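Me: I would like to learn how to read the features of a protein model. Please give me the general idea each time, and then the case here.

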Amino acid sequence: MIDLYFAATPNGLKAKLFLEEAQLPYRIVPVGLSKGEQFKPEFLAISPNNKIPAIVDHAPAGGGEPVQLFESGAILLYFAEKIGRFIPQDIRGRSEVLQWLFWQMAGLGPMAGQIGHFNVYAPEKVPYAIDRYTRETSRLYGVLDRRLADRPFIAGEFSIADIACYPWIVPHEAYGQNLAEFPHLKRWFESMATRPATMRTYEDVENVYAPKQAISEEERKILFNQGAKVRA
């Protein structure tokens, strides 16, 4: 059994999507981010960066004590190596997957996350920031679009690269992106959306970039003033 410490952000959904694709037994441990549950000592003992997702694998390969991990990219790689799927074994294929996994972690996720913040959660509109991150997210979508022009999946075969990237394309409207401008990305996105594991992953999942009501000042402090919270 794997404990998945989870909230329905793109990073959290990456880990859930893998578990559904692999059909591994897991248990969701909800982490209420707006309630500050990511700062609880028991969670920080697993995820010292106070971010989700995090996991505890109670049946690691080779046995022994449970393995706990934070950081979604590390979790995806750990899962793939645990079951020997969704990452090639040969050096060239493995390198293809890893470079796109790290591309998502270092580029697509952070930039899309920034425009999501400034478009949806920022208390005031900051035109420079909105323009900057919309353009950069568009550039990254273009990189992925060109990559998918001649292959069905990012690294050729379905892999953790696809699992990592898909949740960052789902909120494309909140990021100011029109998938019609990226036809190869759009085709891949629609194909990914019809996978049974994807449908199970997103069933009854709240869109965190479409809040139903304005967040309170206290919630804003918890979510976006974390440096002060941790130092306290």
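**Contacts and cores**

Me: Which residues does Leu144 touch, not counting those up to four places away in sequence?

Reply: Contact means heavy atoms within 4.5 Å. With residues up to four places away left out, Leu144 touches Trp100, Trp103, Ile154, Cys165, Ile169 and Leu185. Before going on, note that this is a predicted model, in which local features need pLDDT of at least 70 and side-chain atom pairs count only at pLDDT 80 or more, while totals for chains, interfaces and linings use all residues. Residues are numbered from 1 along each chain as its sequence is written, and side-chain values use heavy atoms, with hydrogens and water left out.

Me: Which residues touch the most other members of the largest nonpolar core?

Reply: In soluble globular proteins, nonpolar side chains tend to be buried together. A nonpolar core is a set of buried Ala, Val, Leu, Ile, Met, Phe, Trp, Tyr and Cys residues joined through side-chain atoms within 4.5 Å. Buried means under 20% relative accessible area, exposed means over 50%, and partly exposed lies in between (1.4 Å probe, protein chains only). Here the largest core has 61 residues, and those touching the most other members are Phe18, Leu144, Ile160, Ile169, Leu185 and Trp188.

Me: Which elements each supply at least two residues of this core?

Reply: Elements are DSSP runs numbered from the N terminus: helices are H or I with at least four residues, strands are E with at least two. At least two core residues come from each of β1 (2-6), α1 (10-22), α3 (72-83), α4 (91-121), α5, α6 and α7. The largest share, eleven residues, is that of α4. Another core lies apart from this one; it has ten residues, among them Tyr5, Val29, Ile46 and Ile52.

**One face of a helix**

Me: Which residues of helix α7 are buried, and why do they line one face?

Reply: Helix α7 spans residues 183-193, and its buried residues are Leu185, Trp188, Phe189 and Met192. Seen down the axis of α7, these fall within an arc of 100 degrees, so they line one face of the helix. The arc is taken from the directions from the helix axis to the C-beta atoms. Among the elements covering these buried residues are α5 (127-147), α6 (160-169) and α8 (196-202).

**Salt bridges**

Me: How many salt bridges does the count come to?

Reply: Side chains of opposite charge can pair when their charged atoms come close. A salt bridge is a side-chain nitrogen of Lys or Arg within 4 Å of a carboxyl oxygen of Asp or Glu. By this rule there are ten. Glu81 is partly exposed at 46% relative accessible area, and Arg94 is partly exposed at 24%.

Me: How many residues apart are Asp131 and Arg135?

Reply: Four: both lie in helix α5, about one turn of the helix apart. Asp131 is partly exposed, with 38% relative accessible area, whereas Arg135 is exposed, with 58%. In helix α7, Lys186 and Glu190 are likewise four residues apart, or about one helical turn. They form a salt bridge with closest N and O atoms 2.7 Å apart. Lys186 is partly exposed at 31%, as is Glu190 at 40%.

**Polar contacts and a loop**

Me: Is Gln38 buried or exposed?

Reply: Gln38 is buried, at 1% relative accessible area. Its place is in the loop between β2 (26-30) and α2 (41-44). A polar contact is a pair of N or O atoms within 3.5 Å; within protein, one must be able to donate a hydrogen and the other to accept it, and residues adjacent in sequence count only if both atoms are side-chain atoms. A polar atom of the Gln38 side chain lies 3.2 Å from the backbone oxygen of Leu33. Another case is Glu136 in helix α5, whose side chain makes a polar contact with the side chain of Arg139 at 2.8 Å. Glu136 is buried, with 16% relative accessibility.
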